[in-house]
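Please have the sequence and the 3D view open side by side.

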Amino acid sequence: MFLLKSIPKVDKFVLHEDFKEYSTSLITSLTKEVLQNLRENILNEKIKEFKEEDLILEVLQKYKKITTPSLKKLINATGVIVHTNLGRSLIDEKVFEKIKTLASSYNNLEYDLDKGKRGERYSHISDVICRVLGCEDVLIVNNNASAVFLILNTFAKRKEVIVSRGELVEIGGSFRIPDVMRNSGANLVEVGSTNKTNLHDYEDAITQKTSMLMKVHKSNYSIEGFSSEVEFKELVELASRHDVIDYYDMGSGHLFDLPYGLDAYEPSVLEYMKLNPSLLSFSGDKLLGSVQAGIIVGKKEYISKLKKNQLLRMLRVDKITLAILEENITSVLLGKLEDIPTLKMLFSSVDELKQNAQKLLDAISDIAECQIIETTTVIGGGTTPNRKIPTIALSIKVKNFKPNKMEKLFRAKRIIGRIENDRFLIDFRAIQEKEIQELINATKEIASV
């Protein structure tokens, strides 16, 4: 009982000198939590004594944890360029500096400067995307999953959408095409088999209730061997003959020729736009190398209907997304792919990567066992599934630490590497040249443990 009575009063405790520079309201809230926990531990006989300075320290530790940003800068040494867990594509610093002025000022997001009245936010980016893709119109939503949902809800609610069984994909976060269709109000009609679907399968399934022929890019997996699928060109022609909508959920879609022969495995938005499709959608933060966004392109009559769907209010993007996306698409239009970090990393030669690896090796060879290794990695983000690209990695061993220990020590320095063949590797495919000094410093700190 004496111990309970000795618990300090909240109003007096929060006036302690150590709390002077901190938010009183947050300190008070945390103090209540700490003292309540103390009270319960005393009643449950988990503690026999306590010190006020320990309570102060606990409150301050909680305060620091809450007020310290959870998102932190990391060095991606995994080799995976579009790493979903590490934030996917990077934004170029020069682009970000340009956008910073816009974001910290009022702007003409929905104001027409020429007419002096309300404008449309999508007009800022429609001209440049239409110029790059040769499409009639464009709409931007917050990600490609939203694009899929909006399109299905707009054109196929209580109607039928025909999709190949081999394309009923599930991607990260349990995003499944059948579930999205059901929630959008569309009725899924599966055709073909898991490994083989023919054009007549689609045609035989068309009824008066059919609204759309939909093709879905197989992100995160591939079907090989005894298999076949219908080309989107054939679906566009079939849809036209039956007066229904053709739609391709391209997932990653790219706007340039991919290196290492990857074009055979990942659809080109530019190529498919030549077919004059009804609708296409793809991600902004994958092979385009920009911000998270769902980009819908196609015929103006369909884009106009999408813009009238009340769901768009919930799925629209803000000024920062539009501004960065406009900068990146303009870079594509002008052929300045070096201004897009994802593309720059993808197109970096093995020799360039080897030079960067050599810089790190030369700086730490006296404190660590190192070896430059030619190996492979993946682009990531569900793109080009099962396809490897060449890369250069540096195996590092400090003292007698095992690979798992090395991985943990570097992770504590916010450097995320990988283990391969029982070796800890720093892969240089996604490492920026400016980060090499940070790698050097981290290795030296680890060696001094």
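**Buried residues and helix packing**

Ser 268 has a relative accessible area of 14% and is therefore buried (under 20% relative accessible area; over 50% is exposed and in between is partly exposed, with a 1.4 Å probe and protein chains only). The model is a predicted one, in which local features need pLDDT of at least 70 and side-chain atom pairs count only at pLDDT 80 or more, while totals for chains, interfaces and linings use all residues. Residues are numbered from 1 along each chain as its sequence is written, and side-chain values use heavy atoms, with hydrogens and water left out.

Ser 268 sits in the loop between E10 and helix H11 (269-273); helices (H or I, at least four residues) and strands (E, at least two) are DSSP runs, numbered from the N terminus. Apart from neighbours within four places in sequence, Ser 268 is in contact with Met 250 and His 254, where contact means heavy atoms within 4.5 Å.

Thr 375 belongs to strand E13 (residues 369-377). Thr 375 counts as buried because its relative accessibility is 13%. With neighbours within four places in sequence set aside, the residues in contact with Thr 375 are Ile 389, Pro 390, Thr 391, Ala 393, Arg 418, Glu 420 and Asp 427. Arg 387 is 12 residues from Thr 375 along the chain, and their C-alpha atoms are separated by 13 Å.

Phe 410 is part of helix H17 (residues 403-412). Its relative accessibility is 0%, so Phe 410 counts as buried. Not counting residues up to four places away in sequence, Phe 410 touches Ile 396, Ile 415, Phe 424, Ile 426, Thr 443 and Ile 446.

Which residues of helix H12 (residues 300-308) are buried? They are Tyr 302, Ile 303 and Leu 306. These residues lie on the same side of H12, because they cover an arc of only 100° around the axis, taken from the directions from the helix axis to the C-beta atoms. An α-helix has 3.6 residues a turn, so residues three or four places apart point the same way. The cover over the buried residues of H12 includes strand E4 (137-141), helix H7 (144-155), strand E10 (245-251), strand E11 (279-283), strand E12 (294-298) and helix H13 (312-315).

Next come two helix pairs. Helix H6 (residues 123-133) packs with helix H14 (residues 319-333) at an angle of about 25°, their axes 9 Å apart; axes are lines fitted to C-alpha atoms, for helices over the stretch in contact, and angles run from 0 to 180 degrees between N-to-C directions. H6 is therefore roughly parallel to H14 (angles under 35 degrees; over 145 is roughly antiparallel, 65 to 115 roughly perpendicular and the rest oblique). From H6, His 124, Ile 125, Val 128, Ile 129, Arg 131 and Val 132 meet Leu 322, Leu 325, Glu 326, Ile 329, Thr 330, Val 332 and Leu 333 of H14. By class, this contact of H6 with H14 has 9 nonpolar, 2 polar and 2 charged residues (Ala, Val, Leu, Ile, Met, Phe, Trp, Tyr, Cys and Pro count as nonpolar, Asp, Glu, Lys and Arg as charged, and the others, Gly among them, as polar).

In the other pair, the axes of helix H16 (residues 350-364) and helix H18 (residues 436-447) come within 10 Å and cross at roughly 30°. That makes H16 roughly parallel to H18. Asn 356, Lys 359, Leu 360, Ala 363 and Ile 364 of H16 make the contact with Ile 436, Leu 439, Ile 440, Thr 443 and Lys 444 of H18.
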